[in-house]
Amino acid sequence: MELEDIVEILKNDPEKVIPELLDDVRKQYGEVPYIMNFMKDLPEIFIPKTLYDNSIMREFKILDPETVELISIGVAAALRCEHCLKMHIRIAKRKGILKEKIFSAIMIGASLSNAAVLAESTRALASEFPGDDDESEDKVQCCDPDCEVCNIAGANIK
């Protein structure tokens with residue numbers, strides 16, 4: 001959606017804009033997500049959120065709609081959002097995305113979710129037992145003490 005289109009939408013009366021946006025979503029997804037139906041009576045929230053979501057989910061020029069849907073499925077699986085997951089699986093099915101591709105996206109999301117749990121948990125465990133990690137003496141800061149990546153990765157300054 002071009003900026004000029006967004007400006008025009010924002011100039012219009014919400015009573016006219018909201019049904020148009022809902023129809024557009026219905027055409028794209030084959031249904032209107034629960035959250036959008038819930039927020040449709042709150043134009044000050046609904047309109048900017050819908051425009052933002054549209055810009056992220058449907059206006060990418062680099063990613064094709066199938067890839068965006070598979071990413072949505074993987075993220076919904078990782079976040080364990082049952083409602084989002086079911087809705088995006090239905091959308092993927094309507095778009096003709098193969099069941100095997102959908103399952104692969106779910107498995108990628110599950111793997112990353114598992115890795116996130118392990119990364120956080122093992123760091124918490126190691127912080128309670130300092131010195132038990134034989135490798136901790138060999139860790140070197142990769143760049144400088146303020147590097148956010150090094151700090152997140154747990155690299156220590158010698």
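Predicted model: local features only at pLDDT ≥ 70, side-chain atom pairs only at ≥ 80, totals over all residues.
Which helix gives the most to the nonpolar patch? Helix α5 does, with three residues.

Residues are numbered from 1 along each chain as its sequence is written, and side-chain values use heavy atoms, with hydrogens and water left out.

**Overall view**

Display the whole protein as a cartoon. The secondary structure comprises eight helices and zero strands; these are DSSP runs numbered from the N terminus (helices H or I, at least four residues; strands E, at least two). Of the 158 residues, 24% are buried (buried means under 20% relative accessible area, exposed over 50%, partly exposed in between, with a 1.4 Å probe and protein chains only).

**Stop 1: the nonpolar patch**

Select Y52, I56, F60, I62, L63, I71, V75 and L79, which make a nonpolar surface patch of about 830 Å². A patch is made of residues with over 30% relative accessible area and no salt bridge, nonpolar side chains (Val, Leu, Ile, Met, Phe, Trp, Tyr) being joined within 5 Å and like charges within 9 Å. Areas come from the Shrake-Rupley method with a 1.4 Å probe, and for residues only the protein chains shown count as cover. Helices α4 (43–57) and α5 (65–79) each supply at least two of the patch residues.

Next, centre on L63, in the loop between α4 and α5; L63 counts as partly exposed because its relative accessibility is 32%. Then select V75, in helix α5, which is partly exposed at 43% relative accessible area. The C-alpha atoms of V75 and L85 lie 8.4 Å apart, although the two residues are separated by ten positions in sequence.

**Stop 2: R80**

Continue to R80, in the loop between α5 and α6. R80 is not a glycine, yet has a positive phi of about 60°. With a relative accessible area of 75%, R80 is exposed.

**Stop 3: the largest pocket**

Turn to the largest pocket, whose volume is about 740 Å³. To find the centre, select P33, I35, C84, M87 and H88, the closest to it of the 35 lining residues. On a 1 Å grid over the protein atoms alone, a pocket is an open set of points where a 1.4 Å probe fits, with protein on both sides within 12 Å along at least five of seven lines; lining residues have an atom within 4 Å of a point. The volume is the space filled by probe spheres set on the points, which are joined across faces, edges and corners.

Helix α4 gives the most to this lining, with eight residues. The lining divides into 23 nonpolar, five polar and seven charged residues (Ala, Val, Leu, Ile, Met, Phe, Trp, Tyr, Cys and Pro count as nonpolar, Asp, Glu, Lys and Arg as charged, and the others, Gly among them, as polar).

**Stop 4: the salt bridges**

The structure holds six salt bridges (a side-chain nitrogen of Lys or Arg within 4 Å of a carboxyl oxygen of Asp or Glu). Select R94 and E31, whose side chains meet at 2.8 Å, N to O. R94 lies in helix α6 and E31 in the loop between α2 and α3, so the pair ties together parts 63 residues apart in sequence. E31 counts as buried at 16% relative accessibility, whereas R94 is partly exposed at 45%.

Finally, select D53 and K49, whose closest N and O atoms are 2.5 Å apart.
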